[in-house]
Amino acid sequence: KEKVEITKEQQALMRVIVEAYNRHQIPQDVAKKLLQEQYSAEENFLLLTEMATSQVQVLVEFTKNIPGFLSLDHEDQIALLKGSAVEAMFLRSAQVFSRKMPNGHIEVLEERIRKSGISEEFMTPMFNFYRSIGELHMVQEEQALLTAITILTPDRPYVKDQQAVERLQEQMLDVLRKLCTLQHPQEPQYFARLLGRLTELRTLNHYHAEMLTSWRMNDHKFTPLLCEIWDVQ
Ligand SMILES: COc1ccc(-c2nc3ccccc3n2[C@H](C(=O)Nc2c(C)cccc2C)C2CCCCC2)c(OC)c1
């Protein structure tokens with residue numbers, strides 16, 4: 001059985017990614033707000049657009065710290081951010097939803113999200129994804145690397161130099177694979193399960209525009225940044 005070893009460079013890369021991931025947390029914790037009180041569909045929609053807007057800004061800052069990202073073609077950098085923003089938002093939400101919470105809190109949070117204004121048909125795929133992320137009990141290194149791997153997806157629309165993106169993504173995948181082997185020695189298929197979540201994440205992409213336009217209220221207002229990132233308005 002070959003000895004899996006994370007090299008010095010890979011340790012440095014992981015440290016940079018994890019520090020960036022932790023530094024760029026969302027300012028106000030939406031879960032706390034939601035646990036405090038029940039908001040109307042309009043208030044929830046506003047909260048969602050505020051959260052999503054600040055999440056995109058956080059994502060840009062995080063991405064700038066991915067070694068090699070800033071040396072990619074500038075238009076490809078935009079294409080990667082635009083292509084991964086929704087997935088990063090759902091990944092972040094899944095991680096918030098999977099946080100250790102006092103008994104009864106997760107049920108309240110789930111109820112508040114179910115009643116937030118989002119239409120019924122999207123609950124199942126969204127909560128299935130949240131539950132499947134929760135079951136993995138990811139450590140923060142895995143969460144940070146998974147977010148970086150999501151951003152560095154070579155086959156996003158309009159990416160010109162896919163090979164350059166592939167090279168960066170492969171570096172992250174190699175570190176993640178070794179980390180999974182070291183963190184979960186009893187579960188050889190853990191790394192494959194993690195990557196399977198990225199496939200599930202892509203399916204949420206198809207729903208997100210409709211999730212927003214079908215929000216139970218009239219006159220959905222979006223910030224200009226969200227119009228760019230979400231296929232709405
Ligand atoms: C497109 O439709 C939805 C519907 C619900 C969620 C959602 N799942 C959550 C799981 C845990 C905690 C909060 C959760 N949210 C919203 C939220 O803020 N997501 C969030 C964002 C947007 C950025 C950064 C970080 C987060 C958590 C709450 C917004 C206000 C109404 C209730 C959902 C969602 O998130 C991507 C998208």
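A residue is called buried when its relative accessible area is under 20%, exposed when over 50% and partly exposed in between, computed with a 1.4 Å probe on protein chains only. By that scale Glu-61, at 32% relative accessibility, counts as partly exposed. The model is a predicted one, in which local features need pLDDT of at least 70 and side-chain atom pairs count only at pLDDT 80 or more, while totals for chains, interfaces and linings use all residues. Residues are numbered from 1 along each chain as its sequence is written, and side-chain values use heavy atoms, with hydrogens and water left out.

Glu-61 is paired with Lys-64 in a salt bridge, with 3.2 Å from N to O; the term denotes a side-chain nitrogen of Lys or Arg within 4 Å of a carboxyl oxygen of Asp or Glu. Both residues lie in helix H3 (residues 41–64), three residues apart, or about one turn of the helix, where helices (H or I, at least four residues) and strands (E, at least two) are DSSP runs numbered from the N terminus. Lys-64, with a relative accessible area of 41%, is partly exposed as well.

A pairing within one helix is also found in H8 (residues 162–183), where Lys-178 and Asp-174 are four residues apart, again about one turn. Their closest N and O atoms are 4.0 Å apart. Here Lys-178 counts as buried at 13% relative accessibility, whereas Asp-174 is partly exposed at 24%.

The structure holds 14 salt bridges, among them one between Asp-29 and Arg-99, whose closest N and O atoms are 2.6 Å apart. This pair links distant parts of the chain, 70 residues apart: Asp-29 sits in the loop between helix H1 (8–23) and helix H2 (30–36), and Arg-99 in the loop between H4 and helix H5 (105–114). Asp-29 is partly exposed, with a relative accessible area of 25%, and Arg-99 is likewise partly exposed, at 40%. Elsewhere, Asp-73, Glu-75 and Lys-160 are linked in a network of salt bridges.

We turn now to the interior. A nonpolar core is a set of buried Ala, Val, Leu, Ile, Met, Phe, Trp, Tyr and Cys residues joined through side-chain atoms within 4.5 Å. The largest one has 81 residues, of which Ile-66, Phe-90, Phe-129, Met-172 and Trp-230 touch the most other members. Helix H4 (residues 74–97) contributes the largest share of this core, 12 residues. Leaving aside neighbours within four places in sequence, Phe-90 is in contact with Met-126, Phe-129, Tyr-130, Leu-201, Leu-204, His-208 and Met-211, contact meaning heavy atoms within 4.5 Å.
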